[in-house]
Every structure is written in C-alpha cells, then in structure tokens.
Amino acid sequence: MNRGYNSMVGFPLWIRGIVLAIATLPANAQWLNYPAPGTPLTRDGKPDLSAKAPRARNGKPDLSGVWQIEPPPDGEMERIFGDAGSKQAEGDDPRTFSKYFVNFLVDFKPEEEPIRPDAAALTLKRRETMDSPSSHCLPHGVPAIELISFPFKIFQTPEEIAIYYEEGVFRQIHTDGRKLPPDPFPSWMGYSTGKWEGDTMVIDTAGFNDKGWMDSGGHPRSEALHVQERFHRRDFGHMDVQAIIEDPKVLTKPVTIKFTELLIPNSDILEAFCVEGERDRAHMPSAKP
C-alpha cells in the first residue's frame, strides 16, 4: 500500500482544508444558562454532571439533551497528526475534534489498516484537493457528524428518537420494532432503527449513498455501509458511544471506534444553513504543486 496514504504526509495542508470547509458553521449554542427542569445541582448550584443518568417514564435511560464530542487530551492531535494549524474561530479548532473525525482508521498500524487498495487510492486522490461534501454544503455522515465539535440535540420518545445536529441535518431512529427497509433509496444519513439492550440504546443504520465520506480525511463509503452505534449514558453528563462500521466494498473487516459525548447543560443549539454559494471552495488546497 502507498506509504503516502499511511504516513499522513501533508496533513497540515488538508486539515486546514477541513477547517475551511466547516468555518461557516455556527459556534456553541444559545439560550445559555437557561435552567432545564430536573437538572441535578452541586452544593454551589452548578449542574452535577456526575449525578445518576435520568430515566424516562418507561424506565429506560433518557438520552435527551444537548451533546458535544469530548475533546482529546491536550497535545494528542499534534502527537498523532503533526501541526494541526493555529486555533481558528470558536468551534473550528481541529484540536478539539475527535481523532476519528480526521481518520477513522487511526488506531491501526499503517500496514494493518483494513482498507481495500482501490479505496486507499481514492482517499489519496481526494486529499490532493479536499473537495469534500462539506465544502459543497453537503452533510457529514454517520458517525463522523458526532465526532466534530459542533453540538447536537437528542429528543427521546417511546416510539422514536430524533437527533438534530447543529450542522443543519437530522436523523430519526425508530424504536417501535420496525426493521430496516430491505431496499432503501440511498440517502446521506441513512435509515435507522433502535432497540434497548439493558441500559444501552443500540442503533442500526443502513441505506447510505456512496457520496459521503467516512471521515474528513477522504475515506470513501459505499451503499453497502452499515453502522451500529451503542449509546450508553454513563451518568448525567457523559454518554459513551461505540460505533461498529461495516462496509465490505471499502473495508476488509469491520472497524470499531469508541468515544464519549459530553452534555452541555442548560443550553440549546442554533440553526445553520450552508447556502452561501460554496465560497470557501476557492480557498481549498489545489492538486497542483
């Protein structure tokens, strides 16, 4: 396999392209410090994020709330990828993104990455220009959209869970017992069903199109992609997520990643519309030397 693909040579160039592509998205949420009913408090009156996870009326864990990816430890992104560039506008600092948003295969040694040669070659080609879907106002996919440092809000009912992403897209997870459609029309966010396994919500999503990227580094996906996410609200302020990614046309075996979402208490999300004529496209990297 081409070592240029594995060694991340030129990473600072294309990660700056990532930031340009998302720079039009809004910063953190509004309605700041509006007290949400039922929020547990510490003795000094602040939200107690280590309190017990809330329960819905049916006794199941309540995943509702505004969530955001837990940032990596200081220096981790630089250690893995090199200089990630200087801090951008609030919410646009690549050092606050999950490492999996940049490269969902980052946990593998270069020679052990379970990616098919044609998919690896396509990834390299994409990194020459970073002509990503997001640079054309198109959405990040699953689970990448939950790995970037823009919040999302979960609404939970007994029959379905809705997730509204501040990026401007939404998902419906049907929990009423229905099966995934056998021959779905390919879509950007796929089709999702969910069920409880103990205190963990297990979400299966399929029916994706092949236009999205698996991460911001250009890894492709196919219409055969299937993602299973396991959401476990550990306590009031932390939700642990495991995502199992299967795509036999791109990967040689399933890939599992784990990450944590942090609750943003007493807050809300903004609306966002990426319809400004793709102005950032002219500032993206060029394939020319």
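Me: In which strand does Thr260 lie?

Reply: Thr260 lies in strand β9. Before we go on, please keep in mind that this is a predicted model.

Me: Why is Thr260 called buried?

Reply: The word applies to residues under 20% relative accessible area. Thr260 has a relative accessible area of 12%, so Thr260 counts as buried.

Me: What does Thr260 touch, leaving aside neighbours within four places in sequence?

Reply: Thr260 is in contact with Gln68, Ile69, Glu70, Arg234, His238, Met239 and Asp240. As for Phe231, it is 29 residues from Thr260 in sequence, and the two C-alpha atoms are 9.4 Å apart in space.

Me: How many helices and strands does the chain have, and in what order do they run?

Reply: The chain has five helices and nine strands. Starting at the N terminus, the order is α-α-β-α-α-α-β-β-β-β-β-β-β-β.

Me: How much of the chain is buried?

Reply: Buried residues account for 49% of the 289 residues. The accessible surface of the chain is about 14400 Å², and 53% of that surface belongs to carbon and sulfur atoms.

Me: What share of the contacts joins residues at least 24 apart?

Reply: That share is 63%, taken among contacts between residues at least 6 apart in sequence.

Me: Which residues touch the most other members of the largest nonpolar core?

Reply: They are Ile154 and Ile257, in a core of 48 residues. Not counting residues up to four places away in sequence, Ile154 touches Leu63, Ser64, Gly65, Trp67, Ile161, Ala162, Ile163 and Met239.

Me: What volume does the largest pocket have, and which residues are closest to its centre?

Reply: The largest pocket has a volume of about 480 Å³. Of its 23 lining residues, Ala36, Pro37, Thr39, Ser64 and Gly65 are the closest to the centre.

Me: How does the lining of the largest pocket divide by class?

Reply: There are twelve nonpolar, seven polar and four charged residues. Strands β1 (65-69) and β2 (152-156) each supply at least two residues of this lining. The largest share, four residues, comes from β2.

Me: Where is Thr39, and how do you know whether it is buried or exposed?

Reply: Thr39 sits in the loop between α2 (11-22) and β1. Its relative accessibility is 16%. The cut-off for buried is under 20%, so Thr39 counts as buried.

Me: Which residues does Thr39 touch, not counting those up to four places away in sequence?

Reply: Thr39 touches Pro47, Phe236 and Asn266. Phe236 is 197 residues from Thr39 along the chain, yet their C-alpha atoms are separated by 8.6 Å.

Me: And Asn266: where is it placed, and why is it called buried?

Reply: Asn266 is in the segment after β9 (255-263).

Me: What phi does Met130 have, and why is Met130 called buried?

Reply: Met130 has a positive phi of about 50 degrees, although it is not a glycine. Met130 is found in the loop between α5 and β2. Its relative accessible area is 1%; buried means under 20%, so Met130 is buried.

Me: Which residues does a cis peptide bond join?

Reply: It joins Val142 and Pro143, with an omega of about 5 degrees. Pro143 has its place in the loop between α5 (117-127) and β2.

Technical notes: Residues are numbered from 1 along each chain as its sequence is written. This is a predicted model: local features need pLDDT of at least 70, side-chain atom pairs count only at pLDDT 80 or more; totals for chains, interfaces and linings use all residues. Side-chain values use heavy atoms; hydrogens and water are left out. Buried means under 20% relative accessible area, exposed over 50%, partly exposed in between (1.4 Å probe, protein chains only). Contact means heavy atoms within 4.5 Å. Accessible areas come from the Shrake-Rupley method with a 1.4 Å probe; for residues, only the protein chains shown count as cover. A nonpolar core is a set of buried Ala, Val, Leu, Ile, Met, Phe, Trp, Tyr and Cys residues joined through side-chain atoms within 4.5 Å. On a 1 Å grid over the protein atoms alone, a cavity is a set of points where a 1.4 Å probe fits but cannot get out, and a pocket is an open set with protein on both sides within 12 Å along at least five of seven lines; lining residues have an atom within 4 Å of a point. Grid points are joined across faces, edges and corners, and a volume is the space filled by probe spheres set on the points. Ala, Val, Leu, Ile, Met, Phe, Trp, Tyr, Cys and Pro count as nonpolar, Asp, Glu, Lys and Arg as charged, and the others, Gly among them, as polar.
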